[in-house]
Amino acid sequence: MTGPAVPLYAYQREWLLDPARFKIGMFARQTGKTFTTTLETVDDAFEHAAAGRRTRWVILSRGERQAREAMNEGVKRHAQAYGLAFQEAEYDWEGAEGSYRALEIELPHGSRITGLPANPDTARGFSANCFLDEFAFHKDSNEIWKALFPVISAGWKIRVTSTPNGKGNKFYELMTSDGDTWSKHIVDIYRAVRDGLPRDIDELRAGLADEDAWSQEYELQWLDEASAWLSYDLISSVEDEAAGDPDGYQGGVCYVGRDIGRRNDLHVITVLEEVGDVLWERERIEQKRATFAQMDEAFDDVMARYNVARACIDQTGMGEKVVEDAQRRYRSRVEGVLFTSSSKLVMATAGKEAFEDRRIRIPQGDAKYRADLHKVRKVSSPTGTPRFVAERDDDHADRTWALFLAINAAGRADQVPWRPVGDPPAPPRDNELEDGWIPA
């Protein structure tokens with residue numbers, strides 16, 4: 001080995017120099033797991049080139065953006081540090097179930113390293129050594145594994161890395177399996193810092209401001225999925241790198257959810273655009289300790305920029321006046337929703353069904369959003385009516401309820417008229433507030 005693009009910490013050297021055929025690592029966020037494993041792929045190509053032979057590696061990442069990052073920030077940088085000449089290629093790889101963007105470099109003596117988004121189709125498409133990057137976050141991780149393992153069974157090596165993502169995925173199963181088939185590496189934030197990683201642990205923890213997320217992302221704890229309304233695996237299944245970008249708006253009909261919070265809680269506005277039968281999150285606005293005027297300004301901006309057919313607003317407590325004012329401006333396009341046990345059950349059920357049916361797309365890799373969606377728990381009450389709670393947090397899953405409100409708006413949109421952007425709001429009527437639906 002000549003040397004990496006940058007010096008390695010002790011935990012990275014241990015991972016790199018472990019020659020096991022089946023190797024799996026659970027690493028805290030941003031501790032260099034992808035960087036180190038792409039170094040191993042280049043080092044392997046270097047050794048083969050020195051012996052006049054060639055090798056083959058495929059990197060399967062959770063999406064095209066992550067695959068591109070692994071190739072550009074990992075593979076190419078290491079190849080340059082090793083002094084290896086390489087040729088780059090980018091092409092559409094045709095699989096049995098579709099076309100996928102592939103990034104590839106060819107090294108001396110014909111060695112190749114290819115980066116692709118992970119799915120069962122790409123997993124079965126190559127006979128090569130394989131690196132599953134952030135495997136716990138891959139959609140259909142169990143199906144990917146079923147497709148992949150027969151391919152690498154002919155003597156190829158496999159590298160699997162990830163941070164935890166709950167217990168409902170193949171990464172959890174592999175990391176907790178018995179026996180010595182897998183060489184397992186575990187590096188939490190405390191081990192990484194002890195080995196020299198320059199991170200301020202207290203600052204990171206305070207900045208994240210979510211104990212569940214800290215436990216999972218940095219302390220590598222398996223969070224209990226039993227009572228979580230939305231499992232991490234379910235959340236991962238609807239993440240998409242194209243979601244969450246207002247520039248992706250296609251001009252279609254939109255639905256808005258608005259959860260009201262001012263002092264301790266967040267004020268959250270979520271915009272969903274209907275594309276076919278799928279609701280794409282286009283924008284999410286979060287405000288804390290904003291004035292009511294600032295909150296209304298943000299809402300008016302959303303109503304002006306998107307073709308909003310329906311907006312559902314939390315009418316509980318301080319939301320009463322917010323809903324009343326919004327209905328004066330936008331009439332029957334605004335619906336007030338009182339948060340009761342029954343109304344939360346209706347919204348949570350509709351929200352979960354949207355996740356299960358893959359009718360929703362949310363931004364990929366947003367740790368706070370993921371933790372917020374996962375923290376909602378369904379618990380029993382003495383009356384027998386289930387309750388939904390989000391404990392141990394100071395924002396009470398406000399992002400989740402804004403999303404559920406938007407999904408609720410989409411489910412009731414066929415009951416109200418829709419007016420394109422550009423039409424001025426109608427003047428208030430004497431009976432305007434009667435238009436708002438308030439669940440029992």
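User: Is the crossing of α1 and α2 left-handed or right-handed?

Analyst: The crossing of α1 and α2 is right-handed. Note that this is a predicted model.

User: How do I describe such a helix pair, and what are the values for α1 and α2?

Analyst: Two packed helices are described by the angle between their axes and the distance between those axes. Here α1 covers residues 10–17 and α2 covers residues 33–50; they pack at about 35 degrees, with axes 10 Å apart. On the α1 side the contact is made by Gln12, Trp15 and Leu16, and on the α2 side by Thr36, Thr37, Leu39 and Glu40. By class, this contact of α1 with α2 has 3 nonpolar, 3 polar and 1 charged residues.

User: How many helices and strands does the protein chain have, and what share of its residues count as buried?

Analyst: The protein chain has 15 helices and 17 strands. Of its 440 residues, 54% count as buried. The chain exposes about 18600 Å², and carbon and sulfur atoms supply 47% of that area.

User: What share of the contacts in the protein chain with a separation of 6 or more comes from residues 24 or more positions apart?

Analyst: Residues 24 or more positions apart account for 70% of those contacts.

User: Which residues have the most contacts inside the largest nonpolar core?

Analyst: The general idea is that in soluble globular proteins, nonpolar side chains tend to be buried together. In this model the largest nonpolar core has 76 residues, and those with the most contacts inside it are Leu132, Ile158, Phe355, Ile360, Ile362 and Leu403. Helix α15, residues 398–411, gives the most to this core, with 7 residues. A second, separate core has 19 residues, including Cys254, Val271, Met303 and Val323.

User: Which residues does isoleucine 360 touch, not counting those up to four places away in sequence?

Analyst: With that exclusion, isoleucine 360 touches Val238, Leu272, Val278, Leu279, Ala354, Phe355, Leu403 and Ile407.

User: Turning to the backbone, what is the phi of histidine 109, and where is this residue placed?

Analyst: Histidine 109 is not a glycine, yet its phi is positive, at about 65 degrees. Histidine 109 is in the loop between β4 (99–106) and β5 (112–117).

User: What is the phi of arginine 331, and why does arginine 331 count as partly exposed?

Analyst: Arginine 331, a residue other than glycine, has a positive phi near 55 degrees. Its place is in the loop between α12 (319–330) and β14 (334–337). Arginine 331 counts as partly exposed because its relative accessibility is 24%, and the partly exposed class lies between under 20% for buried and over 50% for exposed.

Methods: Residues are numbered from 1 along each chain as its sequence is written. This is a predicted model: local features need pLDDT of at least 70, side-chain atom pairs count only at pLDDT 80 or more; totals for chains, interfaces and linings use all residues. Side-chain values use heavy atoms; hydrogens and water are left out. Helices (H or I, at least four residues) and strands (E, at least two) are DSSP runs, numbered from the N terminus. Buried means under 20% relative accessible area, exposed over 50%, partly exposed in between (1.4 Å probe, protein chains only). Contact means heavy atoms within 4.5 Å. Accessible areas come from the Shrake-Rupley method with a 1.4 Å probe; for residues, only the protein chains shown count as cover. Axes are lines fitted to C-alpha atoms, for helices over the stretch in contact, and angles run from 0 to 180 degrees between N-to-C directions. A crossing is left-handed if the near helix is turned anticlockwise from the far one by less than a right angle, and right-handed if clockwise. Ala, Val, Leu, Ile, Met, Phe, Trp, Tyr, Cys and Pro count as nonpolar, Asp, Glu, Lys and Arg as charged, and the others, Gly among them, as polar. A nonpolar core is a set of buried Ala, Val, Leu, Ile, Met, Phe, Trp, Tyr and Cys residues joined through side-chain atoms within 4.5 Å.
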